[in-house]
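These are my notebook entries on a structure that is new to me. I set down in order what I looked up.

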Amino acid sequence: MQFKHLALTAALAATVCVSAQAQTEIQWWHSMTAVNNEWVNDLAKQFNESQKEFKVVPTFKGAYDESMTAAIAAFRSGNAPHILQVFEVGTATMMASKGATVPVGKVMKDAGADFNPGSYIPAVAAYYTAPNGEMLSFPFNSSTTIFYYNKDAFKKAGLNADKAPATWPEVFEAAKKLKASGHSCPMTLAWNGWTQLESFSAWHNVEFATEKNGLSANGYKARIKINSPLHVRHIDNLAKAAKAGEYLYKGRGSAAQASFTAGECAMIQTSSGFYGDVAKNAKFAYGLAPMPYYPDVKGAPQNTVIGGASLWVMAGKKPAEYKGVAKFFEFLSQTKVQAASHQRTGYLPITMGAYELTDKSGFYAKYPGTDVAVNQMVRKVTDNSRGIRLGNYVQIRTIEDEELEQVWSGKKSAKDALDAIVSRGNELLARFERSYKQ
């Protein structure tokens, strides 16, 4: 009997082992941190528990630029992940990386998956779609720039805590009053190039780059044009605020965000995807509002541009693995999943169905301002506000940071810094154009 029992145990163990081996693993490299890293892990867990055939394994691979570099190196050595999260400014580079990726539209079609690009918010779908109409990557954590403010700090400074500054003159006036009330950091900014140059341009309906900001069929020929009188005026105004101690530069990328949740800085412009962090960690009353604008600029405010990232499918994998990728994307496309992600993170509800479900649930009424990002993005777009898709843009963003840092420290004028961004940036775009034609 004991022998039979052991034999049965061994047989069962072998069956379990075979079953485990039969599960196809899907490697997913991403750049989500803190509360958004928890969100990504939860999505993978929910999918894995919903079926037995595939297992998605999410792995944090550093900041967006780091994970993209790591994936390209891994692809060359034959070890690329199945799915790579790429931030929006890497889109043109990924599009030009012929042979390294498989269009998501093809992956979904080949797997017979339920996928309708038309269900996505137009501004989101258009950004990740090729001129021939094929969707290249899967919209995932799409965001846009919004304005956050500390209501408690506003009250202390004698400002209206229930009404955010709507224009830039009002923002600068609020910063002065916050400083006068003893606040050490009236305003800070995250993602300086994205919020103060890219989103700023679209919000004011002014050109950022030629060739429809790189989105035309000849987008590889685009050149930057952000040294206009309006751009110079705005950066100069921020420089004056920095000199007066009313704007404090806190570092590149998302570095400034921590100073807001800590209560140190009273105002910040950053990603709508910052909402999850604020909702969880802020120990004060806060408000969410649209981006400020200059009221004397005709056509402002227009709409803001897309930020965040999408999921690209890497080439060179087996058909069974692509089927798993398609199943995972099918899961992520579900309206309930989309709506829950939007409500948890502050990223856009990238399908209209998710927006409508969230609206009907009473979420926007319960949490005022959480619909700001959607309202900013769904307005009618112009050629100046569809988005910005330029080659070598990861490097150009670094140039923007370098030059703006010279302005904030008082070492360069706004005009000289913006001229330098245009000159240095256009050298990289010319290089991209040459490589694109080869």
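How much accessible surface does the protein have, and what share of it belongs to carbon and sulfur atoms? I found about 18700 Å² in total, with 53% belonging to carbon and sulfur atoms. I note here that the model is a predicted one.

**Entry: overall form.** I looked up the extent of the protein. Its C-alpha atoms fill a box of roughly 85 × 55 × 35 Å along the principal axes. I recorded 20 helices and 10 strands. Of the 438 residues, 55% count as buried. Among contacts with a separation of 6 or more, 77% are between residues 24 or more positions apart.

**Entry: charges.** I then turned to the charged side chains. There are 48 positive and 38 negative ones, and the centres of the two sets lie 2 Å apart.

**Entry: helix H2.** Ala34 lies in H2 and has a positive phi of about 50 degrees, although it is not a glycine. Ala34 is exposed, because its relative accessible area is 53% and the cut-off is over 50%. Asn48 counts as buried, because its relative accessibility of 17% is under the 20% limit. Beyond its neighbours within four places in sequence, Asn48 is in contact with Phe54, Lys55 and Val56.

**Entry: helices H14 and H15.** I compared the span of H14 (residues 319-332) with expectation. Its 14 residues should span 20 Å at 1.5 Å a residue, and the end C-alpha atoms are 20 Å apart, so the two agree. The buried residues of H14 include Tyr322, Phe328, Phe329 and Phe331. In H15 (residues 335-345), I found Val337, Gln338, Ala339, Ser341, His342 and Thr345 buried. The cover over these buried residues of H15 includes H2, H14 and H16 (352-360). Gly346 follows H15 and has a positive phi, near 95 degrees.

**Entry: two loops.** Where does Pro301 lie? I placed Pro301 in the loop between strand S9 (286-289) and strand S10 (307-314). A cis peptide bond joins Ala300 and Pro301, with omega about -5 degrees. In the loop between helix H9 (192-203) and helix H10 (210-213) I looked up Asn205. Its phi is positive, near 55 degrees, in a residue other than glycine. Asn205 is partly exposed, with a relative accessible area of 24%.

Terms used. Residues numbered from 1 in each chain as written. Predicted model: local features only at pLDDT ≥ 70, side-chain atom pairs only at ≥ 80, totals over all residues. Heavy atoms only, no water. Buried < 20%, exposed > 50% of the residue type's maximum accessible area, 1.4 Å probe, protein only. Contact = heavy atoms within 4.5 Å. Helix = DSSP H or I, 4+ residues; strand = E, 2+ residues; numbered from the N terminus. Expected span 1.5 Å × (residues − 1). Areas by Shrake-Rupley, 256 points an atom, 1.4 Å probe, with all protein chains shown as cover. Lys, Arg positive; Asp, Glu negative; His and termini not counted. Charge placed at Lys NZ, Arg CZ, Asp CG, Glu CD.
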